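Please look at the sequence and the structure shown below, and then read the report that follows with both of them in view.

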Amino acid sequence: MMGQLRGLGRRGCDVLEALGRSGLFLGQSMLGVPSREGWSLWVRQMHFVGVLSLAIVLVSGLFIGMVLALQGYTILVDFGAEQALGQMVALSLLRELSPVVAALLFAGRAGSALTAEIGLMKATEQLTSMEMIGVDPLRRVVAPRLWAGFVALPLLTVGFSVIGVYGGYLVGVEWLGVFEGSYWSNMQASVGFVEDIGNGLVKSLVFALVVTWIAVFQGYDLVPTSEGISRATTRTVVYSSLAVLGLDFVLTALMFGGFS
Amino acid sequence: MMDSPVVEVEGLHFSRGEKEIFRGIDLQIPRGGITAIMGPSGTGKTTLLKLIGGQLVPDGGRVVIDGQDVHALSRRDLFRLRRRMGMLFQSGALFSDLNVFENVAFPLRVHTDLPETMIRDLALMKLQAVGLRGARELMPAELSGGMARRVALARAIALDPELVLYDEPFVGQDPISKGVLVQLIKRLNEALGLTSIVVSHDIQETLSIADYVYVIADGQVMAHGTPDSLDIDEDPRVSQFIHGEPDGPVPFHYPADDFFNDILGLEVQS
Amino acid sequence: MRRSKTMELGVGVFMLAGILGLLFLGLRVSGLTFDMPGDTFRLEANFANIGSLKPRARVTMAGVTVGRVTAIELDSEWYDARVVLELDAGLEDQLPRDTTASILTAGLLGEQYIGLSVGGDPETLGNGDTIRDTQSAIVLEELIQQFVSNMVND
């Protein structure tokens, strides 16, 4: 009994310590003065985490928009309210699906790759040798990746929403025959720029920070063996998915829950 | 040998988890020579280099480089100090996303404001010194182990450091590469007036170039002296190591229970 | 170096596309317009019951959207709802003083909006004036209740 209690306490301390370490890590890398080549390093990472994730995000967005329209239509048509389809598609995408699904895809596509890349750099002593050359790997390796993720995911989320709305249009208007004017005008009447698009963007900024942070920290903190890398990669995907879904609930409650 | 030592290690204690790695190590690395630190595998020779480079913090004792206590320095000062040091890693540790030329040019780019043409000339000079000027366009993945280590050496000396640390430079190399590296370390040391610390357990190669040798085992300095005086040292552990005998005071077996009891699955009172 | 040039181009296009996407969301999806604040004027209207009218709901005349609801609050003097409307500036000093504002529903279950219908008064409504003649929202429960009590009385 005492042993279990002590074990629990030790686990708790470990978790707190890891949180503290990762917080320091985030502060040191994001607040530090960027290195001289910071810009080109950032561009390279933007290309990697942003441009190369575009295809998967856009394709998923298109399909999710189409499915939303199809499902929504079958329900709405029972109430004779199929002209509200645009509103339904746009609101579900902007408030929930785009930030969350884009963040999950991002964690799987870019987050795991970031962890593995940094982990491999650590395992092959590249980070240590960088330190010995007198270059801080937090600034040189970590900071560009963090900033790239932070900028890239909101842009990907916007892309997801746009193509999702278009997918809903394809299915709802072109295929199921919802009147085009009511698709757009219902959407425009109900979607608020600040409350829906703005809040969705705030969500995706938070997710971007959390997912990239987890990915980069797991890579930086892992045990430098092949087993350690595979574990850390898995952890990145699991932790960031959980964090995204949990935070989504909290943020939704704060933004749309009416507790102000 | 010259006046004051470049690196002084005093009463260094370090442990990893429960395991005590160093129990009071004292070293003095004289300026301008090649000092070898030898010992069986697993005695923490690489750890010692990391302690000297300030990447690990000791539990007790201190490391002084040129009058500066490495572990009392701020992060910024530590990075400044490291610019005057070069380190050759066991694996080479080349940056896998840069080609050979960019790897060697990396320290120059980040620490100097030299124009591009000058960086090019300097990097090519260093590559020429290790004989790999022709390989400048290759990526690290395309290099053999020996070549990677030579490129890493060129990178380590790119900023003309005063102190170069070699971590197991000969391990896993064919005889030709070993010969090349022995030559390079000796020639560079003489030509550039470096102070070199070579950590190794390759006895022949190391003794052929070292000016002074420390032998470490059991977390302590077992013996030290010039290569000639070392061979006749009466410490049995040192002579076992130097002569390469498989069993002796440094046991062949990892500590274990009695083999007979272990095989029969008998309970052992411990 | 060529690789980094194409990389920079890719990133540039990516970011531009993101910004354009945001613009699309703003204009096409949320119906944001860049009208100057001076292009509208305010009217107030008191309703006994607004039903489920929300801020940002449409204000229409003859089915054409001419403005939006900007604020809804409880008038603590009469205990009814004061609704603030923002209408296109072109209608300023054009609407007769006896214009009627009624809360209507789009379809059976649709959103609620305000419909304006003009009267014949020669005097007109200016910025900040109040519409006197209003018609509250139809609350379905009340309708049913009336219907049921009428049946009982019969």
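## A helix across a sheet in chain B

Helix H1 (residues 45-52) of chain B lies across S1, S2 and strand S4 (60-65) of chain B, and runs at about 120 degrees to S1(B). Helices (H or I, at least four residues) and strands (E, at least two) are DSSP runs that are numbered from the N terminus, and axes are lines fitted to C-alpha atoms, for helices over the stretch in contact, with angles from 0 to 180 degrees between N-to-C directions. This is a predicted model, in which local features need pLDDT of at least 70 and side-chain atom pairs count only at pLDDT 80 or more, while totals for chains, interfaces and linings use all residues, and side-chain values use heavy atoms, with hydrogens and water left out. Residues are numbered from 1 along each chain as its sequence is written, whereas chains are lettered from A and ligands numbered from 1 in the order in which they are written.

The strands under discussion belong to an open sheet of 4 strands in chain B, with the order S2-S1-S4-S5 and antiparallel pairing. Strand S2 (19-29) and strand S5 (68-69) of chain B stand at the edges with a single partner strand each, so one side of each is left without a neighbour in the sheet. Two strands pair if DSSP finds at least two bridges between them; strand S1 (residues 7-16) of chain B is joined to S2(B) by 8 bridges, and the two run antiparallel. Within this pairing, B:Glu8 stands opposite B:Gln28 in S2(B).

## A buried strand in chain B

Strand S7 (residues 163-167) of chain B has 5 of its 5 residues buried, so it is largely enclosed by the rest of the structure. Buried means under 20% relative accessible area, exposed means over 50%, and partly exposed lies in between (1.4 Å probe, protein chains only). From S7(B), B:Leu163, B:Leu165 and B:Asp167 point one way and B:Val164 and B:Tyr166 the other way, and all are buried.

|---|---|---|

## Cores and contacts between chains

In soluble globular proteins, nonpolar side chains tend to be buried together. A nonpolar core is here a set of buried Ala, Val, Leu, Ile, Met, Phe, Trp, Tyr and Cys residues joined through side-chain atoms within 4.5 Å. Of the 71 residues in the largest nonpolar core, those that touch the most other members include A:Met46, A:Leu153 and C:Val29. Apart from it lies another core, of 35 residues, among them B:Val164, B:Phe170, B:Val182 and B:Ile209.

A:Met46 is also one of the buried residues of H2(A), which include A:Leu41, A:Trp42 and A:Val49. This helix, H2 (residues 38-49) of chain A, has 12 residues and reaches 16 Å from its first C-alpha to its last, close to the 16 Å expected at 1.5 Å a residue; the expected span is 1.5 Å times one less than the number of residues.

Which pair of chains has the most contacts? Among the 2 pairs of chains that touch, the most contacts are between chains A and C, where contact means heavy atoms within 4.5 Å. No contact joins chain B and chain C, whose closest C-alpha atoms lie 12 Å apart.

## Aromatic rings in chain A

Rings of Phe, Tyr and Trp (its six-membered ring) pair if their centres lie within 6.5 Å, and planes under 30 degrees apart count as stacked, over 60 as edge-to-face and the rest as tilted. By this rule the count comes to 11 aromatic pairs over all chains. One of them is the edge-to-face pair of A:Phe25 and A:Phe217, with 5.2 Å from centre to centre and 65 degrees between the planes. The pair links distant parts of the chain, since A:Phe25 is in helix H1 (residues 2-31) of chain A and A:Phe217 in helix H8 (residues 193-221) of chain A, 192 residues apart. A:Phe25 is buried, with a relative accessible area of 5%, and A:Phe217 is buried at 11%. The rings of A:Phe25 and A:Tyr220 have their centres 5.2 Å apart and their planes at 40 degrees, so this pair is tilted.
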